[in-house]
Amino acid sequence: MPPFPPKPLSDGIPKPKRLRDIPSYMYKRVRGFLVRLFYIVRLVWDTAPWLLMLLALFCLVEGLLPVAGAYITSELLNGISHLIGEGHTESAQAFAVLRPILYLFVLEFLYLFLRRVVARLSSMVTSLSGEMVTNHIKVLIIEKSKTVDQASFDRPEFYEKLENANREASMRPIHILTATFNVISALISVISFIVVLSTLSIFAPIIVILASIPGAFINYYYRNRNFRYMRRHSKERREMNYYSNTMVNKDYAKEIKLLGLGDTFVAKYKQAFKRYFAGLKRIILREGLWQTLVSFLVVLCNCALFLYVAYTIVFENRQIGDYSLYTGALTSIAGYVTTLVTATATIYEGTLFIDNMMQYMAEKPTIVASTEQARTPVRGEHTLTLEHVSFCYPGSELDVIHDVNLTLRSGERTVLVGLNGAGKTTLIKLITRLYDPTEGRILLDGVDIRSYDPEAYHDLFGIIFQDYGKYAVTARENILFGDVRREPNDAQVREAAQNGNADQFIEELPSGYETPLTRMFEDDGIELSGGQWQKLSVARAFYKDSDILILDEPTAALDALAEMEVFRQFKKLSDGRISIFVSHRLSGAVDADQIVVLEKGCVSEIGTHDELMERRGRYFLLFSTQASRYTGVAYGDAPDAE
Ligand code: ADP
């Protein structure tokens, strides 16, 4: 399970402590920002280069169009005022009179049309790229998850990264990219309007830019406050997510209904929102107030400049269209500067989230072949040897497995017994190389298993874990998943189901083997009972033509008859294979070739049932306690349990 609540995000660069550290601090932040931005551009490029090229083209056109529009309007006004000056009154000759400026209307038409077409195309490409880029990123994430070590899932910070990457993979990258293109097109527009304005006076653009600084500053200041507030209060937002997700979680639904937890969670959700919203409301209101005050100054400044433009038109013999051109340029520059500031803040904030994805994608697997020339195990009979194997989970210093020595041979049935938490599943995870031992080594046919290609090594195993998968596919596919490398064969699926004691209930399902085993996607789906799922998972393990068969607590959800059946089939199927049966129920251990008793990570006893009963040690105690529970008859004098 991921930690709750996970830690908040940061760009990981420590704040400068001395004044002279500020330049390098700023350099690192800007560099980090650009690296993340480039990463997003790469993601879009890798999805489809034409998407990026089209977005760039639209950005250029959208940047230049406003200036073109302002010029056309100003020329039109000039033309019209000229015609007014000529004093035409005869409307019958209107066409002839208007002819000199008709081309301007054609240009105006082309401009307006182009603007709409570009806006439409741009939003179309943005929607398309949103879906395509999201899909590309989701595929990258799930492809990557194939290579991630099992051990990575034990690290809370990794899990948090994965969760965030998954969540942020949706529209965030494309929003950042479109915001970036908005910035670029706003820049193009600003520069072109500054060029236009400078023909009037070099001071005009400077004044208008200076006038927009306070507003921009307030914007930047409040974006920053907003981001920091969000970061500080991400706990409340995650709490809200947690409560709403819990309320709609299928696995929790039964308990929430019966315990009447619904109102409690709704109340907790509302409380979290109240705490989160109170501060945010204050920030939004304050920013609004400041911006209103500043806009008064900006408008005042603009009006003064408008007056100046009017003055130059009248006294410097300029044309009336110039008034619209220059005043348009003045208002546009102010507007674009604001866009530049807000969009940059949005991009900066957005790129911080992308950090999670970058770190997740950079995760390096450690379960790889130790030599460049990875070996492939030869299929058939094997000997598996554990030599002084110890192990502690990542992030812990406690040995869960301690100095285990063990030999397992094909044709021998090993039963691994021990109390809950003794380390049985962990030992299986080491044997299957989901983890590498922290000390000691495991040999397959005399060769360290780290020398084998991990995929080829994993292919030796037919296995079910205690927490086996319940896949939302048909019953047939649930069994086929035991060996997807093999051509699907229905006769073998049926045989595996029979061996796992699952054939009968599958036949009785509405569509037999083709019945979908969930109601999540299909109306005709079926929900199985715990015992039925367990039988199906045993069938999945039996379906694999494996060299090593491992059943880890495969009978926990089964009734006594079904349990005996699994023991019987296990015995039959273990011929010629290394077979390990993990159980804390000992009835199946009686005729095993070797019983391994695990206690607090150490092997305390090894032997056959008779040998261990004779020894009157831990196994004797466990067995006699269980047997007396079933029969009510005590077995001799058992040593004291702790
Ligand atoms: P068993 O299968 O015998 O019940 P396990 O092998 O599952 O025992 O667990 C052995 C010990 O290792 C337990 O104390 C358990 O808490 C700990 N453990 C199991 N999985 C992890 C993990 N992923 N990270 C840290 N500790 C773990």
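**Overall form and nonpolar cores of the predicted chain**

In this predicted model, the protein chain exposes about 34700 Å², and carbon and sulfur atoms supply 59% of that area. Of its 642 residues, 45% count as buried. Charged side chains number 69 positive and 73 negative, with the centres of the two sets 9 Å apart.

Turning to the fold, the protein chain contains 19 helices and 10 strands. Its radius of gyration is 36 Å, well over the 26 Å that the globule rule gives for 642 residues, so the chain is more spread out than a compact globule. The C-alpha trace spans about 125 × 60 × 60 Å along its principal axes. Among contacts with a separation of 6 or more, 73% join residues 24 or more positions apart.

A look at the interior comes next. In soluble globular proteins, nonpolar side chains tend to be buried together. Here, the largest nonpolar core has 39 residues, and Val44, Ile137, Ile141, Leu177 and Ile347 have the most contacts inside it. At least two residues of this core come from each of helix H1 (22-47), helix H2 (49-86), helix H3 (94-147), helix H4 (156-168), helix H5 (172-198) and helix H10 (320-361). H10 gives the most, with 9 residues. Another core, of 33 residues, lies apart from the largest one, and includes Leu384, Leu386, Ile442 and Tyr452.

Conventions: Residues are numbered from 1 along each chain as its sequence is written. This is a predicted model: local features need pLDDT of at least 70, side-chain atom pairs count only at pLDDT 80 or more; totals for chains, interfaces and linings use all residues. Side-chain values use heavy atoms; hydrogens and water are left out. Helices (H or I, at least four residues) and strands (E, at least two) are DSSP runs, numbered from the N terminus. The radius of gyration is taken over C-alpha atoms; the globule rule is 2.2 Å times the number of residues to the power 0.38. Buried means under 20% relative accessible area, exposed over 50%, partly exposed in between (1.4 Å probe, protein chains only). Contact means heavy atoms within 4.5 Å. Accessible areas come from the Shrake-Rupley method with a 1.4 Å probe; for residues, only the protein chains shown count as cover. Lys and Arg count as positive and Asp and Glu as negative; His and the chain ends are not counted. The place of a charge is taken as NZ of Lys, CZ of Arg, CG of Asp or CD of Glu. A nonpolar core is a set of buried Ala, Val, Leu, Ile, Met, Phe, Trp, Tyr and Cys residues joined through side-chain atoms within 4.5 Å.
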